[in-house]
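Q: I am new to this structure. Please take a close look at the contacts between its parts, and walk me through them step by step.

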Amino acid sequence: MDLIAGWFSHLNDTTGINFTVFYDAFDRARFLNGFLVTLELCGVTITGSVLMGILGAWGQGARSWLIRVLVQFYIQMFRNTPPLVQVYFFYFGLSALLPKVTDNLGMQHPLIGGFIWASISLICFAGAFNVEIFRSGIEAIPNSTREAAEALGYTRLQTYIHIVLPLALRICMPALTNNLVNLIKTTPLAYAIAVPELLYVSNQIWSDDENVPEMMLLLFIIYIGLVGILVFAMHRWERALRVPGLGR
Amino acid sequence: MKINQFAFGAIAAVAASTSVIATAKADAVQDIKTKGVLVVGVKADYPPFGSLSPSGENIGIEPDLARNLAMRLGVKIQFVPVVAANRMQFLEQGKIDVLIATMNDTPEREKIVDIVQPDYYASGYNVMLPKTIHITSWSQMQGVPMCAIQGAFYNKEVAEKYGAEPVAFTGVAEALTALRQGRCNAFVYDDTAIEGKLQNPTWADYDMPLPSQDPKPWGIAVKQGEPELADFVSKSIIDWDKTGYILSLETKYGIKHSSFAEQMHAKYK
């Protein structure tokens with residue numbers, strides 16, 4: 001560790017290429033923290049948006065017209081507005097309506113913090129696309145398969161969970177991967193509402209040290225890495241789930 | 001013959017204009033007195049330091065200082081509105097004689113213009129708090145979420161020195177909205193800009209109770225190579241400090257006495 005720090009410090013002294021995050025303890029701590037927040041944000045929103053997609057796709061085929069209309073309304077709302085506007089809407093618009101807690105110094109604390117609002121809005125944004133992605137998979141399942149399940153005595157929910165969804169998931173995997181990649185690349189929007197993720201801390205660091213190109217390079221490499229890992233994992237999963245003959 | 005006359009005329013004209021420049025260089029103060037008007041660059045968008053009244057008049061602490069300079073010279077005053085990006089260029093080009101426009105005195109700027117000593121004012125950073133919060137020292141800022149502007153140099157300082165938690169937004173409007181919504185309990189910003197905000201009745205429930213931190217001096221500038229003018233301005237500044245004129249202007253425009261102005265008053269009293 002000292003060796004790396006020493007080398008980057010030397011690099012700065014001799015060439016002016018200033019990677020403070022590798023040798024300055026304060027910058028390293030906040031950069032690492034930013035990286036962890038980004039990981040957490042990615043994890044929460046990927047899980048949340050996939051669940052949202054599964055739930056929404058089920059709702060689209062529900063018998064109740066009310067649920068169908070609600071799901072359609074949700075999709076149109078979040079697919080047709082820019083994600084940055086959604087983040088601002090949740091953080092500054094909706095949260096103003098919520099009650100606040102006041103402590104003994106007279107300080108107010110919001111019930112829901114920036115991280116949770118960012119997660120909620122990103123889940124809603126990516127979830128809207130996931131619903132449509134899952135629908136494409138569900139509609140690709142032949143009606144005869146559904147009828148066969150019905151003939152075996154499956155209820156509608158059981159058919160969805162045990163037959164339709166597992167098959168649909170395999171069909172919509174490539175589109176899902178695309179959307180999740182996009183989701184990872186949308187997480188830096190959280191910096192607009194002061195969630196201390198990677199872009200936010202990088203901005204703080206380059207304002208203090210004036211090393212914009214170096215930090216940009218680092219951000220670039222980290223996001224390539226993050227997306228690369230996701231794509232790799234999704235491809236492995238896709239191959240592991242492959243059913244011979246399906247979709248060919 | 002005609003050509004000769006023309007050449008002579010041209011040479012004479014050049015000689016005359018050089019002599020004008022020479023006299024200008026010799027004594028800028030005399031030049032202003034001959035002109036009968038002192039042209040001063042001030043801000044028009046930075047209340048209470050320099051702004052425009054509804055009738056279009058330049059008002060604020062800095063226009064008042066400029067009027068005082070003109071009065072001492074016994075000439076009329078003329079204002080030219082400047083912004084940070086053009087103020088030193090206006091001075092270099094001779095569009096203005098003196099620059100009083102919330103400018104920090106830095107070594108880089110001293111290479112371009114002549115920043116008169118002593119500095120006349122100083123601004124630091126401070127926090128804007130709701131009046132419901134009773135805080136008396138910076139040490140109580142430990143762990144307090146503090147709205148800030150992304151990229152401000154003091155964000156790191158309030159975190160390292162006082163343990164506050166900066167919540168930095170891209171713009172002032174977002175940070176102020178977040179402060180109003182209670183997403184943070186304080187807003188860290190330039191003290192002079194906070195003073196300006198607090199004069200607005202919409203921020204009547206907010207206050208700036210703590211002392212400003214890390215003051216950076218502001219300087220009045222003149223063009224380089226005008227020692228008489230610089231000397232005149234310098235003497236005027238010392239006289240303002242001596243008589244407490246800057247302190248009285250702070251009172252006039254409804255802002256607190258800055259510790260810099262108080263120190264300077266004590267020094268030259």
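A: Domain bounds here come from an automatic or database domain assignment. The model itself is predicted.

Start with chain B. Its assignment gives two domains. Domain 1 of chain B is written in two pieces, 2-120 and 219-268. Domain 2 of chain B covers 123-215. The C-alpha centres of these two domains of chain B lie 33 Å apart. They do touch: eight residues of domain 1 of chain B are in contact with seven residues of domain 2 of chain B. Look at the domain 1 side of that contact in chain B. Five of its residues are nonpolar and three are polar. None is charged.

Next comes the contact between the chains. Here, 16 residues of chain A meet 19 residues of chain B. On the chain A side, strand 2 (108-110) and helix 9 (198-209) each supply at least two residues. Helix 9 of chain A gives the largest share, four residues. By class, this side of chain A holds eight nonpolar residues, six polar ones and two charged ones.

Helix 8 of chain A spans residues 156-186, and helix 10 of chain A spans residues 212-241. Their axes are 10 Å apart, and the packing angle is about 165 degrees. Angles over 145 degrees count as roughly antiparallel. Therefore helix 8 of chain A is roughly antiparallel to helix 10 of chain A. The crossing of these two helices of chain A is right-handed.

Which residues meet there? From helix 8 of chain A come Arg170(A), Met173(A), Thr177(A), Leu180(A), Val181(A), Ile184(A) and Lys185(A). Facing them from helix 10 of chain A are Tyr223(A), Leu226(A), Val227(A), Leu230(A), Val231(A), Met234(A), Glu238(A) and Leu241(A). Taken together, the residues of this contact between helix 8 and helix 10 of chain A are eleven nonpolar, one polar and three charged.

One last stop is a single residue. Phe89(A) sits in helix 5 of chain A, residues 83-94. Is Phe89(A) buried, exposed or partly exposed? A residue needs 20 or more other C-beta atoms within 10 Å to be buried, and 12 or fewer to be exposed. Phe89(A) has 14 within 10 Å, so Phe89(A) is partly exposed. Phe35(A) is 54 residues from Phe89(A) along the chain, and their C-alpha atoms are separated by 25 Å.

Methods
Residues numbered from 1 in each chain as written. Chains lettered and ligands numbered in written order. Predicted model: local features only at pLDDT ≥ 70, side-chain atom pairs only at ≥ 80, totals over all residues. Contact = placed C-beta atoms within 7 Å. Nonpolar A, V, L, I, M, F, W, Y, C, P; charged D, E, K, R; others polar. Axes fitted to C-alpha atoms, helices over the stretch in contact; angles between N-to-C directions. Parallel < 35°, antiparallel > 145°, perpendicular 65-115°, else oblique. Left-handed = near helix turned anticlockwise from the far one by under 90°.
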